[in-house]
Amino acid sequence: EGYIDYYMSDDAMHFYSTGNHIFKAGGTERLRIDSSGRNIINSTSNGSRAISGDHANLQVEKNSSGLLSLLRTSNDNGAAWLAIAKSRSAAGAACQAGDNIGAIAFTPHDGTDLNHHAAEIRGYVDTGIGSNDTPGYLTFHTNGGTTTTTERLRITSAGYVGVGENSPATILHVKADVGDLLRLDRNNTGAVGNQIAFRHSASGT
């Protein structure tokens, strides 16, 4: 049961129901707003799915590529941005060092559910955050065959890269407990030149 009202006080249409709002086109459901306020687009299950242990406020399903496109059409060199933001309160409160700003999770169905990640990219706040000063670092994680991921690579706020090392001390810092730290192979027997070259010049070339 439900009804639609128009209120002149806020110049808006108000939709009311005791359950879900369902929008159909061509006889097929295209959008559902459920009783919890979740927006579910093109659902094949006619309801919310739990992914990564939560039911997202916006869920988009499709059985092919092209779930989301972002296009900027301005006649300039500006980009189309996808912003992932973090605040410590709805009113706006400064983040702290170590706060996870946002993450991208790659989540396959394991035959049971969609709650375990195969890989992740995460962005964190680094030490020294202040007004108009937001240092940060990125971490890259993969799952070696368990229920959780492990950090494999980190890019610090200083631009240092750590592989197997979360506090890199140089531009590239590689650390491992077993096996080779670095391996260079050439698969062309006729190729010439060095496999690795060290150069130094005042001009940086």
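The lining of the second largest pocket comprises 8 nonpolar, 3 polar and 1 charged residues. The model is predicted, so local features need pLDDT of at least 70 and side-chain atom pairs count only at pLDDT 80 or more, while totals for chains, interfaces and linings use all residues. Residues are numbered from 1 along each chain, and side-chain values use heavy atoms, without hydrogens and water.

**Second largest pocket**
- Its volume is about 230 Å³.
- Among the residues that line the second largest pocket are I84, K86, C95, V125 and P135.

**Largest pocket**
- The largest pocket holds about 910 Å³ of space.
- Its lining consists of 21 residues, and I51, A56, L58, Q59 and V60 lie nearest the centre.
- Two or more lining residues come from each of β6 (58-60) and β7 (100-106).
- With 4 residues, β7 gives the most to this lining.
- By class, the lining of the largest pocket has 12 nonpolar, 5 polar and 4 charged residues.

**Residue R38**
- R38 lies in the loop between β4 (28-33) and β5 (39-41).
- R38 has a relative accessible area of 19%, and it counts as buried because the cut-off is under 20% (1.4 Å probe, protein chains only).
- Leaving aside residues up to four places away in sequence, R38 touches R32, I33, S48, H55, A56, N57 and Q59; contact means heavy atoms within 4.5 Å.
- The side chains of R38 and D34 are joined by a polar contact of 2.8 Å.
- Between R38 and T127 there are 36 Å in space, C-alpha to C-alpha, and the two are 89 residues apart in sequence.

Definitions and conventions: Buried means under 20% relative accessible area, exposed over 50%, partly exposed in between (1.4 Å probe, protein chains only). A polar contact is a pair of N or O atoms within 3.5 Å; within protein, one must be able to donate a hydrogen and the other to accept it, and residues adjacent in sequence count only if both atoms are side-chain atoms. On a 1 Å grid over the protein atoms alone, a cavity is a set of points where a 1.4 Å probe fits but cannot get out, and a pocket is an open set with protein on both sides within 12 Å along at least five of seven lines; lining residues have an atom within 4 Å of a point. Grid points are joined across faces, edges and corners, and a volume is the space filled by probe spheres set on the points. Ala, Val, Leu, Ile, Met, Phe, Trp, Tyr, Cys and Pro count as nonpolar, Asp, Glu, Lys and Arg as charged, and the others, Gly among them, as polar.
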